[in-house]
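Hi,

Here is the structure I said I would pass on. Have a look, and my notes follow below.

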Amino acid sequence: MSAGLRRTVLLVAGLAALVAVAAFAKRSEVYLLTLTLVYLMATFGLNLTVGYAGQMSLGQAAFFGIGAYVAAIALKAGIPFLAVLPIAGIACFVVGLALGFPALRVQHHYLAFATLGFNVLVFLVMRNEEKLTGGTFGISSIPRPTILGVSFEGHLAYFYFTLAGLVALAAALWWLLRSPWGRAFAALRDNPIRAESLGVNITAYTLLAFAIGAACAGVGGVYYASLVEFIEPGPFHFSTSLMMLLAVIVGGSGRFFGPVVGTIVIILLPEVLRSSSIESLKFMQKWYLVFFGLAVVALMIWLPGGILSIADRFRKREAPR
Amino acid sequence: MTATPGFLDVRDVRKAYGAIKAVDGVSFSVGPGEIVGVIGPNGSGKTTLFNSILGQIRPTSGSVELCGEDITGMSPLELARRGVGRTFQTLQVFGGLSVRDNLIAAAQEFKGTLPGRLFAKPDAGLGHHADEMIELFRLKHVAHLPAGRLSYGQQKLIDIAMAFMPAPRLVLLDEPCAGVNPSLVDQLRELLVQLNRTQGGSFVVIEHNMDFIMKLCPHVICMVEGKVLAEGKPAAVQANPAVLEAYLGN
């Protein structure tokens, strides 16, 4: 069996297992799984910006929030969910383009702080522009979609709906990253000076990396708004951006499935440990944050390439010289 | 120096950093398909001259023309679009990409439009050409490996192969032999001669390896302290007492 086929079989098996697990899971567990999928949309986008194009960003939660607020306002105004998706995606794409401009002048930690500042600004707008966003009271009663007469109101139905959306988003990103654009993003990440001397328009690709990553977060925000049915500024604080970045790095930055592993470890696992009813895991309810912190520190020391780099570690295949 | 306008005309280029004149009124021309060597001791201004021609830095004064078009101060991107390629003094490959992807990346941006490339084939239609270059540079056994995992010499070959992937009209090579195993130097020279013959581009080569430059370049320029000290046929430049003094001292 070729490596590609093996990967496809594993992927299909994983998706089938997820579908089956959700069917037998409790309501709260399905909610948690759906939340993980929603965050995964944002971390997939962040992985493109950070992992593939090498542009540091601590503003992903702002785009997640913009998507969520656009969705909340639009869905409550009666605009159909399938129309809200592109509206939120395009809105975040445009704002992402604007956020890409600092990246043309500064890099690394300077860029991290520029994007963090952007997140703080967006958070302040969400909190203070009460007429538009409801301020700290937020926006409630956000509807879940009904498409062609099929309602996704139920928790399980909405999980499957979100899963389908995530698979479509991941497929689009996979296709994009396999196109010459993906190679240009990698060239930009590895060596922008050399890339420019080879005709790579680093201005365009830098802006696109931010814009596409932002659009993914915006789409995730739309699903999030419908999932929680009530939004307020809290979940879009810059600490969420840090968590998303951590998910990308822990999973394996610049690896397609890195965000999947990272989001499970950073978002799903702490919740599972915290709320576990298994007796042997009960002590984790008090200590999970301590273990979580120590695990992240250990991981960054011994596996800076993320969990998915373990295979490379063990492979140790010497290149022919 | 040729008196008539050439393919590349560098006219009285100067680059100063405060009181230090890194390049001090350098002029020379390169004809179509010509290979010109630039030699000189360390700190003589060779790389600064290259960077002034290639838009990495803006010259203080002077002009650079390519086929009659003033390209002074143009960005590396604009120069690349005009068919000007280069290699750098230090290794400049895309370490995370495979050797084959490095070569494709080196030429894909010259195919179609930016939106069009999103819908192009993954190899941008350059897979066959990349395989030919891999064969030419004897990199087939490492073609699928990330470039960053290869030896210095192999990365140097990739670096040079990348510069030639888009078949540029003019290539400026900055110390192509630096760090290359001496046994590979002759192979590298043969490759450059072959590429010059097949692609027809003009080359300007900075190099400290005298044997390499004397065999490769029919025309050599020697720079010292930012100025052209001597130029002409390799043997004549090599025998010039001023050049010998600049290299060996009194």
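This is a predicted model: local features need pLDDT of at least 70, side-chain atom pairs count only at pLDDT 80 or more; totals for chains, interfaces and linings use all residues.

Residues are numbered from 1 along each chain as its sequence is written, with chains lettered from A and ligands numbered from 1 in the order in which they are written.

On chain B, the C-alpha atoms fill a box of roughly 55 × 40 × 35 Å along the principal axes. Of its 250 residues, 46% count as buried (20 or more other C-beta atoms within 10 Å of the residue's own, with C-beta atoms placed from the backbone).

Now a bit of strand pairing (DSSP must find at least two bridges between the strands). Strand 4 (residues 61-66) of chain B pairs with strand 1 (residues 8-17) of chain B, antiparallel, over five bridges; B:Leu66 is the partner of B:Leu8 there. Strand 4 of chain B also runs antiparallel to strand 5 (residues 69-70) of chain B, joined by two bridges, and B:Leu66 has B:Glu69 as its partner in strand 5. Those two strands make a hairpin with two residues between them, and B:Cys67 in the turn has a positive phi of about 50 degrees.

Over in chain A, the buried residues of helix 12 include A:Val260 and A:Ile266.

Cheers

How values were computed: A residue is buried if 20 or more other C-beta atoms lie within 10 Å of its own, exposed if 12 or fewer, and partly exposed in between; C-beta atoms are placed from the backbone. Helices (H or I, at least four residues) and strands (E, at least two) are DSSP runs, numbered from the N terminus.
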